Amino acid sequence: MRLKFAFLLLTFCVLMLSCTDKKPVSQAQGTSIEQKESTPVKRVDSVEIAKQKPLTYKILVPTAYRYCNPDTLINKNWVELYKDGKDYYVGKARYSIKIISDECGDGSAPKLLGKRNGSPDSRHEVSDGSAPKLLGKRNTILFVNQLPIRLGKVQAANIEISDTSYLVPGTTYSFTFLGKRYKLEAKAQGEDVFINYALLLNGERFFREVEAGGACFNFLFAGDLDGDSKLDLVLSAPTDYENLRIFMFLSSCAPPGLQIGKAAEIVDDFSC
């Protein structure tokens, strides 16, 4: 069963991410949703119609990969979202890739690393012609192949985000961003295995998973990534504790009448 899952995941990664040219390309569409559930949502549902719009961004996170090869994807034209202290920035991608041992895979795996701790090439990027500022501790959150926003500090929502900001079913986060109030809710049925897990933003469902093996979903970023002064989100949403799945939702990719839409995702697996 695990070999079959690994084969399917490898096939998905090849279709979605195995591009060797340096131009932005569209990613595969999200899995179609066949089940319906009773979670009340707006009549226009971003989950139901997101597959009608192709994804135009590619993303990676600093971690080890088994089925997706970051070396064939990322290049110097990419940018990264990173955090320094309490502030968030978008700057030119500064990274390295090293091969590590992988006892559960083929013996080795590529690991994508960000530059940290004030290294000589870790500086805040600015767009006004002044010299870049040295970083204190650059904590890379996300690498992206393109973003329409200018390099530099980005506006973030007034919500504390940490490794334990889990979106457990029944959890509600209330926060503001640029004077607008937001309420993010997580809903699902079941306990150990969640059925019809859904995320709602001000009552609008923008994410749904038919079945998830645990409540390990959490925030990575909430703020403006596309420069339109509207809320964007980056979420970690693995379906199992041994897989990787990151989503980027942008307001500029929202279907008509909705707040946000899925702009990119990355999936990989590290199970034994």
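Predicted model: local features only at pLDDT ≥ 70, side-chain atom pairs only at ≥ 80, totals over all residues.
**Entry 1: second largest pocket**

I looked up the second largest pocket and read a volume of about 860 Å³. I then listed its lining, which has 36 residues. Pro62, Asp163, Leu220, Ser236 and Ile246 lie nearest the centre of this pocket. I went on to ask which elements give two or more residues to the lining. They are the strands E4 (95–102), E8 (139–144), E14 (218–223), E16 (243–250) and E17 (261–269). E16 supplies the largest share, four residues. By residue class I noted 20 nonpolar, eight polar and eight charged in the lining.

**Entry 2: largest nonpolar core**

I next looked up the largest nonpolar core and found 59 residues in it. Those with the most contacts inside the core are Leu142, Leu167, Phe206 and Met248. E16 gives the largest share here too, with six residues. I noted beside this that nonpolar side chains tend to be buried together in soluble globular proteins.

I picked leucine 142 and asked what it touches, leaving out residues up to four places away in sequence. The list runs Ile59, Leu60 and Val61, then Val79, Glu80 and Leu81, and finally Val234, Ile246 and Met248. Of these, Met248 is also named among the core residues with the most contacts, and Ile246 is one of the residues nearest the centre of the second largest pocket.

**Entry 3: isoleucine 260**

I located isoleucine 260 in the loop between E16 and E17. Is it buried or exposed? I read a relative accessible area of 1%, so isoleucine 260 counts as buried.

**Entry 4: cysteines**

I searched the whole structure for disulfides and got one. It joins cysteine 104 to cysteine 272, with an S to S distance of 1.6 Å. The link is right-handed, with 70° about the S-S bond. Cysteine 104 sits in the loop between E4 and strand E5 (107–114), and cysteine 272 in the segment after E17, so the pair ties together parts that are 168 residues apart in sequence.

I then looked up how accessible the two partners are. Cysteine 104 is partly exposed, at 35% relative accessible area. Cysteine 272 counts as exposed because its relative accessibility is 53%, and the cut-off is over 50%. I checked cysteine 253 as well and found that residue buried, at 13%.

Key:
Residues numbered from 1 in each chain as written. Heavy atoms only, no water. 1 Å grid on protein atoms, 1.4 Å probe; cavity = no way out; pocket = protein on both sides within 12 Å on 5 of 7 lines; lining within 4 Å. Points joined across faces, edges and corners; volume = space filled by probe spheres on them. Nonpolar A, V, L, I, M, F, W, Y, C, P; charged D, E, K, R; others polar. Buried < 20%, exposed > 50% of the residue type's maximum accessible area, 1.4 Å probe, protein only. Core = buried A, V, L, I, M, F, W, Y, C linked by side-chain atoms within 4.5 Å. Contact = heavy atoms within 4.5 Å. Disulfide = S-S within 2.5 Å.
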